[in-house]
Amino acid sequence: MNTLRIAIQKSGRLTDKTIQLLENIGIRFDGYKNRLLVKSLNFDLELLLIRDDDIPEYVQDGICDLGVVGANVTLESEAEVTVLKDLDFGHCRLSIAAPAGSPVRSAKELNGKRIATSYPVLTKNYFTKLGLDVKVVKISGAVEITPRLDVADAICDLVSTGGTLKTNGLRELETILRSQSQLIRTNKPLPDHKLKLIEKFLVRIEGQQLAENSRYIMMNAPKESLDSISAIIPSLNSPTVLPLADPDMIAIHTVIPISKFWEVMEELKAAGATGIVMLPIQNMIN
Ligand code: PRT
Ligand code: ZN
């Protein structure tokens, strides 16, 4: 009863990344394949492994306290849950597409037409907001072949690379939702013990995300370059400065956002830094 329970996808696109995330934040399991309920070896947490479509409702109903699932699934389910965190994997978009050979160039031209989708709620809402009336044909898989079978005039489906649309002679018209995996939480009241565990869990995920988006950089530089180099480093924390065998030289260590690395590296070189090394960071707590 007191163990925090998290619903994750049993077997699919999100499973490995979700398990990886849990392992990265130090939560260990003794195998999870072909099991329904798995208790962590070192954190008061158990996994419930189910189909992703069931996750939002399980969380809404309080059968699970937390869940990891795509925003597309949560929004389609209309479950009442709270999104705690975007998890930055499972990125995709829900898009309207029509046969490339058809004259249709925008969703607005689909009034009165048949749209096949596994996302009837999101699709219907989108067209209703546009003031259009379409016939939504609910299909559970292989939506992309429905125009060829004359089951539909257009589709609304998930896209990541766009390869599937292309292979099936479809042209993407509009994106109706951008999605990624999210950590969701039940809106049911939880005991203090579970609230504390969720807080701990979130702090670890934030540390993990910060580490993933940061790099540890080390460089050598002439002592007199320290001020100009410090000014270039895009970090709120002051860098670590270490002496070197050569008394005129120092080593500078710091952490920077990965997005800034190339831009900063060129400026550092110009300011006299040499031997610049960048290292990944396993974890980080600010
Ligand atoms: O069995 P279960 O119900 O648990 O799994 P599922 O088959 O319903 O889902 P699964 O494992 O395929 O996807 C789980 C989640 O991954 C989705 O709900 C999305 O949040 C996310 N995701 C990310 C994707 C994609 N990318 C994706 N490309 N889900 C599906 N696709 C499919 C898409 O439907 C289409 O058929 O991949 C095809 C398009 O891919 P591209 O690369 O050709 O554009
Ligand atoms: Zn599913």
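Which strands does helix H1 (residues 15-24) lie across? Helix H1 lies across S1, strand S3 (45-50) and S4, at about 145 degrees to S1. Helices (H or I, at least four residues) and strands (E, at least two) are DSSP runs numbered from the N terminus. Angles run from 0 to 180 degrees between N-to-C directions, with axes fitted to C-alpha atoms, for helices over the stretch in contact.

This is a predicted model: local features need pLDDT of at least 70, side-chain atom pairs count only at pLDDT 80 or more, and totals for chains, interfaces and linings use all residues. Residues are numbered from 1 along each chain as its sequence is written, chains are lettered from A and ligands numbered from 1 in the order in which they are written, and side-chain values use heavy atoms, without hydrogens and water.

**View 1. The open sheet has six strands.** Their order is S2-S3-S1-S4-S11-S5, with mixed pairing. Strands pair if DSSP finds at least two bridges between them. S2 (37-39) and S5 (81-86) are edge strands with a single partner each, so one side of each has no neighbour in the sheet.

**View 2. S1 (residues 4-9) and S4 (residues 66-70) run parallel.** Two bridges join them. Ala7 stands opposite Gly67 in S4. Helix H6 (residues 192-212) touches S1, S3, S4, S5 and S11 (181-186); contact means heavy atoms within 4.5 Å.

**View 3. S11 has both faces covered.** Ser181, Leu183 and Arg185 lie on one side, Gln182, Ile184 and Thr186 on the other, all buried (under 20% relative accessible area, 1.4 Å probe, protein chains only). S4 joins S11 antiparallel through five bridges; Val69 partners Gln182. S5 also pairs antiparallel with S11 over five bridges, and Thr82 partners Arg185.

Terms used. Buried means under 20% relative accessible area, exposed over 50%, partly exposed in between (1.4 Å probe, protein chains only).
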